[in-house]
Amino acid sequence: MTSLPVIPISPDVVAGAAASPRASMPPRHLADLDLSGRRELVTELGEPAFRAKQVSTHYFGRLVRDPAQMTDLPAAVRERLAEALLPTLLRPVREMVCDDGATRKALWRLHDNSLVESVLMGYPDRVTVCISSQAGCGMACPFCATGQAGLTRNLSTAEIIDQAVYLAGVAASGAVAGSPSRLSHVVFMGMGEPLANYARVIAAIRRLCAPAPEGLGLSQRHITVSTVGLVPAMRRLAGEGLSVTLALSLHAPDDDLRDELVPVNQRWKVAEVLDAAWDYAARTGRRVSIEYAMIKDVNDQPWRADLLGRLLAGRLAHVNLIPLNPTPGSRWDASPKPVEREFVRRLREAGVSTTVRDTRGREIDGACGQLAAAEEAP
């Protein structure tokens, strides 16, 4: 494991962590606005509307986040536009790499001293970023480090997007050897429950998929939105006209166990959650990804594999089994490989498409369920 300092952190920023003010939303940023909104703001500043496209082209088209590098703008204009359109949203605290540089985790400090993390993963055929939608998480799943930290606040649309733009810039720099230089996939599987920050997450998706300079120009089909099962929001998402993949964190096929593993199940039971998932699949034509963390002697019994198989058989669904990743103080461990293989065998025998997720980033606490945005002790 290698730890890389991204930028020097001034003593006053570090000191501010101990006396963090009340969590608050950041100032407006160009990524909070569509292109017409940016034009309107620029003209209110007394500048010609085309300046909005210039700045947007730098940010979304060239992945330039530093106004000082936007040298086609006159210096005086640049300063005014930067203040209005490009406030600093994410201050790098630490960046860590593993998997021979193919996995990179960034820890960010937000304007109110909240902390969030995001992860870049390079593969031979694609580059994926896992981004956070909240600082912390209020879902309280006991096997997830983020859930145990509690919720600090929702992120703004621009705070969500800025993670992707920064990491897209890392990929474009060639820092991820053996992978394409262009970001292709975004998964909302970082810190937080995306559908609990619904309006801002939807706005972020639309901006990520809008062509430059409106947005990053990604394919909707390369966006994945994870949820623990907020049924009303799932049904609302089905009506958005988007082609994103819905990933449902199920983790147990029976209500007795899921009530414990995913506390929101006490409000919306397995049958209700799956019904909303099937509605999403029917309305979008998109296969639902069923996320299932394999926890030793908790949810990995053969009878649970058989029950899950019966629930999913014949449905437009794919099971993504996740070997449980270690988190500090957890009383649970990953299922042994023979148990995992038997679980897979039973699901496939039931006709359910099943794979086991690659545990990328585990050694830097960047894998599924490990993001906790903790600072290292000095």
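Predicted model: local features only at pLDDT ≥ 70, side-chain atom pairs only at ≥ 80, totals over all residues.
Okay, quick definition before we start: helices (H or I, at least four residues) and strands (E, at least two) are DSSP runs, numbered from the N terminus. With that in hand, H251 sits in the loop that runs between β10 (245-249) and α9 (255-261).

Residues are numbered from 1 along each chain as its sequence is written, and side-chain values use heavy atoms, with hydrogens and water left out.

UniProt, in an unreviewed entry, lists H251 under "binding site", along with G192, E193, S226, S249, L250 and N325. Those positions follow the numbering used here, feature names are shortened, and annotations may be inferred rather than shown by experiment.

So is H251 buried or exposed? Buried, because its relative accessibility is 6%; the cut-offs are under 20% relative accessible area for buried, over 50% for exposed, partly exposed in between (1.4 Å probe, protein chains only). Leaving aside neighbours within four places in sequence, H251 is in contact (heavy atoms within 4.5 Å) with F143, L261, V262, E291, Y292, A293 and N299. A polar atom of the H251 side chain lies 2.9 Å from the backbone nitrogen of A293.

N325 is in the loop between β12 (317-323) and α12 (337-349), and it's buried too, at 5% relative accessible area.

E117 is in strand β4 (residues 115-122) and is buried at 1% relative accessibility.

Key:
Polar contact = N/O pair within 3.5 Å; in protein donor to acceptor, adjacent residues only side chain to side chain.
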